[in-house]
Amino acid sequence: MKRMETTCGYCGCGCGIYVNMADDGTMLGITPSYNHVVSKGKLCSKGWHGFAFVRDSRRLSNPLIKQKDGTFRETSWDEALEFAANGLKSAMTDGDNTDVIGVVSSARCTNEENFLMAKLARAGLKTSSVDHCARL
Ligand code: SF4
């Protein structure tokens with residue numbers, strides 16, 4: 001069995017965890033990091049047990065681009081990122097983009113990742129329309 005130390009991604013607390021894996025990389029479970037400065041060996045139920053989504057058959061494994069008829073076409077990461085960048089460029093106007101671009105971040109991100117998302121929105125995309133799913 002292999003163990004990889006990482007951060008629980010379920011909320012912004014950032015508890016320290018080990019992902020336990022079989023030799024072929026299959027995820028077996030989670031154990032807490034007993035020396036972690038935030039969690040000190042404790043996890044909530046999501047941290048302990050909320051990893052089944054990793055192998056869920058409904059999980060997207062490739063980028064998709066929505067077609068004009070509403071269906072989705074599988075594509076490469078390069079094409080998907082270029083498509084998104086072109087869409088943002090064409091939506092952006094000079095000055096305040098608050099009316100045309102909004103950003104929704106995630107409670108599954110760390111505080112630092114959410115800070116970076118807010119910076120990207122405000123400084124890069126010039127919009128103050130930033131929200132977070134924890135508010136829903
Ligand atoms: S273990 Fe629970 S409290 Fe800790 S980061 Fe994960 S979801 Fe948040």
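Residues are numbered from 1 along each chain as its sequence is written, and side-chain values use heavy atoms, with hydrogens and water left out. Because the model is predicted, local features require a pLDDT of at least 70 and side-chain atom pairs count only at pLDDT 80 or more, whereas totals for chains, interfaces and linings use all residues. The chain averages a pLDDT (the predictor's confidence in each residue, from 0 to 100) of 90, and 99% of the residues score at least 70. Confidence is lowest in strand β7 (residues 130–132), with a mean of 88, and highest in strand β5 (residues 72–74), at 97. Helices (H or I, at least four residues) and strands (E, at least two) are DSSP runs, numbered from the N terminus.

Three strands form an open sheet in the order β1-β2-β3, with antiparallel pairing; two strands are taken to pair if DSSP finds at least two bridges between them. The edge strands are β1 and β3, each of which pairs on one side only, and the twist averages 30 degrees from one strand to the next, where axes are lines fitted to C-alpha atoms, for helices over the stretch in contact, and angles run from 0 to 180 degrees between N-to-C directions. Six bridges join β1 to β2; on this side of the sheet, threonine 7 stands opposite glycine 16 and glutamate 5 has tyrosine 18 as its bridge partner. Five bridges join β2 to β3 (residues 27–32), where valine 19 is the partner of isoleucine 30 and asparagine 20 stands opposite glycine 29. The hairpin of β2 and β3 has five residues between the strands, and in this hairpin glycine 25 takes a positive phi near 95 degrees.

Strand β2 is largely enclosed by the rest of the structure, because six of its six residues are buried, buried meaning under 20% relative accessible area, exposed over 50% and partly exposed in between (1.4 Å probe, protein chains only). Both of its faces are covered, with Gly16, Tyr18 and Asn20 buried on one side and Ile17, Val19 and Met21 buried on the other. Arginine 3 lies over the face of tyrosine 18, at 3.7 Å from the ring centre; for such a contact, NZ of Lys or CZ of Arg must be within 6 Å of the ring centre and within 35 degrees of the ring normal.

One aromatic pair is found, under a rule by which rings of Phe, Tyr and Trp (its six-membered ring) pair if their centres lie within 6.5 Å, with planes under 30 degrees apart counted as stacked, over 60 as edge-to-face and the rest as tilted. The pair is formed by tyrosine 10 and phenylalanine 53, is edge-to-face, and has a centre-to-centre distance of 6.1 Å with 85 degrees between the planes. Tyrosine 10 lies in the loop between β1 (2–7) and β2 (16–21) and phenylalanine 53 in the loop between α1 (45–49) and β4 (64–66), so the pair ties together parts that are 43 residues apart in sequence. Phenylalanine 53 is partly exposed, with a relative accessible area of 36%.
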